[in-house]
Amino acid sequence: MAAAALLAPAGCSSTPTESADPAPAGPRTVQTEQGPVEVPAQAHRIVNLSGGFGGYLYAVDAPVVATDTRVLGVTDLDGGFPPAWADKARAANTEALPAGEQLNIEAVAAARPDLIIGGGQGITAVQAKENYEKLKAIAPTVLVPTTVTGWEDQLRQVADAAGRGDRVDALIRGYDDRLNQVKGAIQVPAEPFAILLSLPNQKPYLIPETAALPQQLAALGFTMDGVLAKAGNPQLYGSGDSFEVSPELLGKVADAPQAFVINLSGRTVDQLRADPLYAALPAFQAGKVHELPATSYRPDLDGATNTLTVIDQEF
C-alpha cells in the first residue's frame, strides 16, 4: 500500500562480528511455505532481508552480518539503522543492505551468510519471494509467511530459524508483564474505538478489528468497533490489516464514539479535523480522537512495546 513510499536507502558499516555462543552440532530442518529448509543448528552469519525482523534477531542475540533497515514508520530518509536496535547493529558491525525497488542479490552474497531470513509484510517480503531461487543458491533461506502477522508468532519463527528459539519465552513474558502493568494503570473508556489510517493518497482506510493492533488494544481492555461488518466485509489489503472505504460510506463505517488515528505519511489529526468528511465523524465531533505512532500499525516487539508506553501516557 503506502509502504513503498516510506522506504529509503541506508548506509553501511564495517565487518560483522561472529557470535560467541557455541553452535550445536548438525543441521536442522525448518518447515516453510517453500518446503522444508535445512538450516544450521545455530546460525553464525545471518542476512536479514526484513527490517521489521531486525529487532527480533538482536533481541535473541543472533549474529546479523547484514540487514535491511526499512521499518514502516521508522525509516530514516537520510539512511541509518532504526533507533530501537541501532546500537546493537553497530556493536555487532552489521552492514546495512542497499535499499531499493530491487533486492541487491550481490550485497546478500557478499555478506557470506550461512542463513538468510526474510518474508513478513511489505515490499521487502515481495522482493524476497520474487528472488527466492537466487537466495537459496547463496544460503539456506527461510521466509516467514505474509499471513503470520502477530509479532509473537513472527518472533518465534525468526528465532527458531536462527537456532535461538529457547530465548523467546522470556521476551514474551517480559512483554506480558509490561502489558499487565499498563492495563492495571490506565482508565479505558467504555465506548468502542475505530482505527483510521492516514495515507498519502488521502483516501479513507480503516484497520479491521481482526488485525494485530486491535488485538493488542483489546488485550488492554479497549472495545474495538466491528468495522468489518459495517463495511460489508470488504476485501482486505496486504496481509489483512487495512481496507479502504468510499467517502460516502465513511460516516457509516467509522461511526464509533472514539477513534485512534495512525498517520502513515498522510495528514495529521488536525488536518483531518479540517476536512468536513472527517469532522462529521462522531469521534471528531466529540473530541475523542487519539493518535498512535506509525510503528503501532504493523508492530514488531519494539513497536508493540512502544504502543504500550503511548497508551500508558494517553489514558
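Helices (H or I, at least four residues) and strands (E, at least two) are taken here as DSSP runs, numbered from the N terminus. The structure is a predicted model, in which local features need pLDDT of at least 70 and side-chain atom pairs count only at pLDDT 80 or more, while totals for chains, interfaces and linings use all residues. Residues are numbered from 1 along each chain as its sequence is written, and side-chain values use heavy atoms, with hydrogens and water left out.

With two strands regarded as paired if DSSP finds at least two bridges between them, 5 strands form an open sheet with parallel pairing, in the order 5-4-3-6-7. Strand 5 (95-96) and strand 7 (141-144) stand at the edges, and because each has a single partner strand, one side of each is left without a neighbour in the sheet. Strand 4 (residues 64-67) runs parallel to strand 5 and is joined to it by 2 bridges; Thr 67 has Ala 96 of strand 5 as its bridge partner. Helix 6 (residues 151-162) lies across strand 3 (46-48), strand 6 (115-119) and strand 7, and runs at about 165° to strand 6. In this description contact means heavy atoms within 4.5 Å, and axes are lines fitted to C-alpha atoms, for helices over the stretch in contact, with angles from 0 to 180 degrees between N-to-C directions.

Two loop residues other than glycine have positive phi values. Asp 61, in the loop between helix 1 (54-59) and strand 4, has a phi of about 60°, and Ser 265, in the loop between strand 11 and helix 11 (269-273), has a phi near 60°.

Grid points are joined across faces, edges and corners, and a volume is the space filled by probe spheres set on the points. The largest pocket has a volume of about 450 Å³. Of the 31 residues that line this pocket, Gly 52, Arg 70, Val 71, Leu 72 and Arg 298 are the closest to its centre. Helix 4 (123-130) and helix 14 (301-314) are the elements that give two or more residues to the lining, helix 14 giving the most, with 3 residues. The lining comprises 14 nonpolar, 13 polar and 4 charged residues, where Ala, Val, Leu, Ile, Met, Phe, Trp, Tyr, Cys and Pro count as nonpolar, Asp, Glu, Lys and Arg as charged, and the others, Gly among them, as polar.

The count of cavities of 30 Å³ or more comes to 2. The largest cavity holds about 60 Å³ of space, and the residues lining it include Leu 49, Asp 68, Arg 70 and Gln 127. The second largest cavity holds about 40 Å³, with Gln 121, Asp 241, Tyr 297 and Arg 298 among its lining residues. The lining of the largest cavity divides into 5 nonpolar, 2 polar and 2 charged residues, and that of the second largest cavity into 5 nonpolar, 2 polar and 2 charged.

Terms used: 1 Å grid on protein atoms, 1.4 Å probe; cavity = no way out; pocket = protein on both sides within 12 Å on 5 of 7 lines; lining within 4 Å.
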